[in-house]
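Hi,

Here is the structure I said I would pass on.

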Amino acid sequence: MNLEPNLESLPKLAKDKHKENKTFFTKLKKKPPKQLDYLMQELHDEAFKRTDCLDCANCCKTTGPLFTDKDIVRIAKHFKMKQQHFIDTYLRVDEDNDYVLQSVPCPFLGADNYCSIYDERPKACSGFPHTDRKKFHQISNLTLKNVAICPAAFNIVEEMKRRIKL
């Protein structure tokens, strides 16, 4: 049974579940099940059969991705801009010395929730919410943050807790 949180209730639901989720991920890191990657792929696929990102786009509206050097080269080329001009126009350096968007919502997000640079979007965007990543248990801190942003990630973690007994 999925809670199917709406965007208004998601931050509070995620906050209410945070301690429980953190405890779960701490145990998961210590003893990840052998088939965890397969299970995560299954849960990810199930969640995204029921989730239309174009109805939501909360990730694009509330957070910004990291831009790798390869992302910058590719996207600047798409805009026929020099890399430095692209950086100066759209990016800033964060406290971790990574390139991130100057502001959110993402400037490439349209009113229809479509991404204007979808085919060239940053790797962090194409992988979001990273719930189908190999060695998933290694990114638990990121996942704890993403459950407050992405309804699918929230549902995936809730289903994990039901299926994985630690």
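**Salt bridges and a helix pair**

Arg-163 is partly exposed, with a relative accessibility of 35%. Keep in mind that this is a predicted model.

I started with Arg-163 because it turns up in two of the pairs below, and its relative accessibility of 35% counts as partly exposed. One partner is Glu-46, with the closest N and O atoms 3.1 Å apart. Glu-46 is itself partly exposed, at 27% relative accessibility.

Another partner is Glu-159, where the closest N and O atoms are 3.0 Å apart. Here both residues belong to helix α9, four residues apart, or about one turn of the helix. Glu-159 counts as buried, at 17% relative accessibility. These residues are part of a network of salt bridges that links Glu-42, Glu-46, Glu-159, Arg-162 and Arg-163.

Over the whole structure, the search gives nine salt bridges. Among them is Asp-16 with Lys-12, at 2.8 Å between the closest N and O atoms. Both lie in helix α1 (residues 10-30), four residues apart. Asp-16 is exposed at 52% relative accessible area, and Lys-12 is exposed at 54%.

On to the helix pair: the axes of α5 (residues 69-78) and α6 (residues 83-90) come within 9 Å and cross at roughly 95°, so the two are roughly perpendicular. Ile-72, Val-73, Ile-75 and Ala-76 of α5 meet Gln-83, Phe-86 and Ile-87 of α6. That contact has six nonpolar residues, one polar and no charged.

Cheers

Conventions
Residues numbered from 1 in each chain as written. Predicted model: local features only at pLDDT ≥ 70, side-chain atom pairs only at ≥ 80, totals over all residues. Heavy atoms only, no water. Axes fitted to C-alpha atoms, helices over the stretch in contact; angles between N-to-C directions. Parallel < 35°, antiparallel > 145°, perpendicular 65-115°, else oblique. Contact = heavy atoms within 4.5 Å. Nonpolar A, V, L, I, M, F, W, Y, C, P; charged D, E, K, R; others polar. Salt bridge = Lys/Arg side-chain N within 4 Å of Asp/Glu carboxyl O. Buried < 20%, exposed > 50% of the residue type's maximum accessible area, 1.4 Å probe, protein only.
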